Amino acid sequence: MTELIILGTYHFSGEKDIFSSSMQKELKQFIERISKLRPTKIAVEIPIRHEEKLNRSYKSLPDEAFTKLTPWEIMDVYGHTEQFFTDNEVVQIAFRLAKLLDHQQVYAVDEDIEMSDQLAEVIEDQIPVEECWQKLCSIESQATNLEERFRALNSEKWSYTNHTMYMAMNKANLGNYEGTQLLLQWYERNLMIYSNLQNLAEDGDRILLLIGSGHLKLLRELVLADPHMDYLDWTELI
């Protein structure tokens with residue numbers, strides 16, 4: 001049996017205060033608390049084909065890179081080449097946590113299936129993105145510190161609200177099930193992520209997956225249906 005903990009996150013890139021002394025203090029405190037879960041492996045939202053690049057940076061980034069904007073890797077993702085910087089949850093949480101626990105590597109488990117911009121444009125007026133976004137922001141806005149924000153992002157309320165947007169997407173049908181086609185790409189990506197987790201898992205492992213909180217609902221349903229996986233809710237453990 002493998003234990004799986006899913007830590008749903010927001011994407012740090014572009015957050016103006018990530019390197020502020022107060023945020024760095026909160027990050028360190030949160031990571032200290034998460035470390036008490038004692039995962040044996042840490043998996044992240046990086047395409048699996050880039051795992052070698054991921055670990056090259058994990059091993060080579062100096063400690064001071066955590067506290068200032070620093071480039072760490074160039075990867076092709078979602079059909080374009082991207083420069084990754086240290087204002088990124090993979091670095092700020094996963095790398096730090098792995099180093100604290102003295103892990104030799106981190107694991108890439110994503111598959112970068114891009115949702116079709118063309119299909120999205122066709123049905124965009126039928127998807128209540130702005131309404132959903134406002135509700136999600138309202139849930140997060142009640143948090144007064146970093147851990148509370150993470151607890152909000154990992155709550156059933158946040159997951160349910162976020163998923164209503166995908167259900168509205170599925171309803172969109174202009175004659176060729178355009179919404180369903182688009183949603184299939186999202187489901188396919190999550191199924192592939194879970195396949196990568198299944199193949200990473202070894203008996204006795206406790207895997208912590210750091211991934212965008214929008215993935216949480218589907219991945220949680222998959223692990224709960226898997227007789228070889230045991231889902232652990234971190235919000236109830238620390």
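User: How do the axes of helix α1 (residues 21–35) and α3 lie to each other?

Analyst: The two axes come within 10 Å and cross at roughly 55°, with axes being lines fitted to C-alpha atoms over the stretch in contact and angles running from 0 to 180 degrees between N-to-C directions. This is a predicted model, where local features need pLDDT of at least 70, side-chain atom pairs count only at pLDDT 80 or more, and totals for chains, interfaces and linings use all residues. Residues are numbered from 1 along each chain as its sequence is written, and side-chain values use heavy atoms, leaving out hydrogens and water.

User: Why is α1 called oblique to α3?

Analyst: Angles under 35 degrees count as roughly parallel, over 145 as roughly antiparallel, 65 to 115 as roughly perpendicular and the rest as oblique. The crossing is at roughly 55°, so α1 is oblique to α3.

User: What makes the contact between α1 and α3?

Analyst: With contact meaning heavy atoms within 4.5 Å, Q24, L27, K28, I31, E32, I34 and S35 of α1 meet Q92, I93, R96, L97 and L100 of α3.

User: Which residues of α7 and α8 meet?

Analyst: H163, Y166, M167, M169 and N170 in α7 meet G179, T180, L182, L183, W186 and Y187 in α8.

Notes:
Helix = DSSP H or I, 4+ residues; strand = E, 2+ residues; numbered from the N terminus.
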